[in-house]
Amino acid sequence: MARKLRLSVSGMKTYLTCARRYFYYRHPDIPNHTDYPRLLGIAVHKHIAQLYRPTKDPRPFYYRSEQSYRGAWFNRWKRELDEAVESERLLARTTELDDEFGRIGAICIDKYWETNITLSRPLQVEQRFEHSFNPTLSLIGVMDQVRTVPIKYIEKHRPELITNGQLHPDYDPVAIVDLKTNQYDFDTERLKDPTESEKMRSQYNLHEDLQATAYTFLYQQATGKKPIGFIWYHLRSGSTFFTFRDESDFLNLFLVIDHVVDNLQAQSFPKNSTDNNCFHCDFVRECWEKNIFPISAAEKLSGELVGADFIPNLIEVDPVIQKRMKLKIPRIVRPEPETPSSKVSVLRNLPWREESSTLVTAE
């Protein structure tokens, strides 16, 4: 029987951005790295989730005071940094960046405390949802929070769902909340005399992003009812941005799932080389697959020619390739990756190199 493929939103987004990066991220012999923005996001999410840890005596938060909550943040941030360096996930640590992102995290958690100290607790925190499409394929998502929202909020954001003060029976009075530590938000007030088209472009991703669509679908499949919407919570500013999805939005979700699954089955992992993709990618050495990397100098055609410097690539590719496995099992998926080693020196069986085997296998 084929091993089950569990697709996440982040995995599908990675594949759509660059299929080769998706492959390397899941390669069992390649260690995964991180950077300060990603590490900050993980640490802030953990710290806010800790707020709702059960306590013996009833109180709104796990921490008794804002002072203890803030002090615990800096302790957590140091631990996350130390662990990331020790595991070789964070390769370039500096005191300046430690302090800078520690302060950003403090801003995020401070604003969260100020806003939420008087609000009711979320119904769910860091809750995992999974929906199986068939025995070999499912969609998964971990929602930061699911919160009850009052009728007044629904009337303001989804007035079509309210009749005589009552919510439509197909909906739960809840919103999915996703916490964001991003630098930028969707506030159109930052734009100078924006046109309608500029406003639309600045918020297009808010209303089309795959995460809100997938989480709305997962909640509906799990509960039988729809959430009234999705709240994109910008922690640095304390601002929230509301969006919602309906059945018409699910079509694109299904198209993405089919596209990713079909191409994984076909072992298709093309590179998508762009300035933004490659500059922020953890896998440039693995992706290069050549012995040396040339660093081109800035030259004038009519001036002195400088040539290039060369950086040796420490990644080797095993020249031994295996034939593809011809399996007639639908939706065959690769096994879960083993714990990666701390260093990689040899990459084997790369699917795009002639008839090499694939990570997509069957049990």
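The model is a predicted one, in which local features need pLDDT of at least 70 and side-chain atom pairs count only at pLDDT 80 or more, while totals for chains, interfaces and linings use all residues. Residues are numbered from 1 along each chain as its sequence is written, and side-chain values use heavy atoms, with hydrogens and water left out.

The protein contains 11 helices and 12 strands; here helices (H or I, at least four residues) and strands (E, at least two) are DSSP runs, numbered from the N terminus. Of its 363 residues, 40% count as buried. Buried means under 20% relative accessible area, exposed means over 50%, and partly exposed lies in between, with a 1.4 Å probe and protein chains only. A contact means heavy atoms within 4.5 Å. Among contacts between residues at least 6 apart in sequence, 76% join residues at least 24 apart.

Helix packing comes next. Two packed helices are described by the angle between their axes and the distance between the axes. The axes are lines fitted to C-alpha atoms, for helices over the stretch in contact, and the angles run from 0 to 180 degrees between N-to-C directions. Helix α3 (residues 36-50) packs against helix α4 (residues 66-86) at an angle of about 135°, and their axes are 10 Å apart. That angle makes α3 oblique to α4. In this scheme, angles under 35 degrees count as roughly parallel, over 145 as roughly antiparallel, 65 to 115 as roughly perpendicular, and the rest as oblique. The crossing of α3 past α4 is right-handed. A crossing is right-handed if the near helix is turned clockwise from the far one by less than a right angle, and left-handed if anticlockwise. On the side of α3, the residues in this contact include Leu-39, Leu-40 and Ala-43, and on the side of α4 they include Trp-73, Trp-77 and Leu-81. By class, the contact of α3 with α4 has 12 nonpolar, 2 polar and 3 charged residues. Ala, Val, Leu, Ile, Met, Phe, Trp, Tyr, Cys and Pro count as nonpolar, Asp, Glu, Lys and Arg as charged, and the others, Gly among them, as polar.

Helix α4 also packs with α5, at an angle of about 145° and with the axes 10 Å apart. Here too, α4 passes α5 in a right-handed crossing. Among the residues that make the contact are Trp-73, Phe-74 and Trp-77 of α4, together with Phe-101, Gly-102 and Gly-105 of α5. The residues of the contact of α4 with α5 divide into 10 nonpolar, 2 polar and 4 charged.

Side chains of opposite charge can pair when their charged atoms come close. A salt bridge is defined as a side-chain nitrogen of Lys or Arg within 4 Å of a carboxyl oxygen of Asp or Glu. By this rule the count comes to 16 salt bridges. One of them joins the side chains of Asp-110 and Arg-70, at 2.8 Å from N to O. Asp-110 lies in helix α5 (residues 95-116) and Arg-70 in helix α4, so the pair ties together parts that are 40 residues apart in sequence. Asp-110 is buried, with a relative accessible area of 14%, whereas Arg-70, at 35%, is partly exposed.

A further salt bridge is formed by Arg-93 and Asp-82, whose closest N and O atoms are 2.9 Å apart. Arg-93 sits in the loop between α4 and α5, Asp-82 sits in helix α4, and the two are 11 residues apart. Arg-93 is partly exposed at 34% relative accessibility, and Asp-82 is partly exposed at 29%. Lys-78, Asp-82, Arg-93 and Asp-98 are linked in a network of salt bridges.

Some single residues complete the account. Phe-133 is placed in strand β2 (residues 124-134) and is partly exposed, at 32% relative accessibility. Leaving aside residues up to four places away in sequence, Phe-133 touches Ser-138, Leu-139, Phe-217, Phe-254 and Ile-257. Asn-164 is not a glycine, yet has a positive phi of about 55°. Asn-164 is found in the loop between β4 (162-163) and β5 (166-167) and is exposed, with a relative accessible area of 77%. Gln-267, also a residue other than glycine, has a positive phi near 55°. Gln-267 lies in the loop between α9 (247-265) and α10 (275-279), but is buried, with a relative accessible area of 10%.
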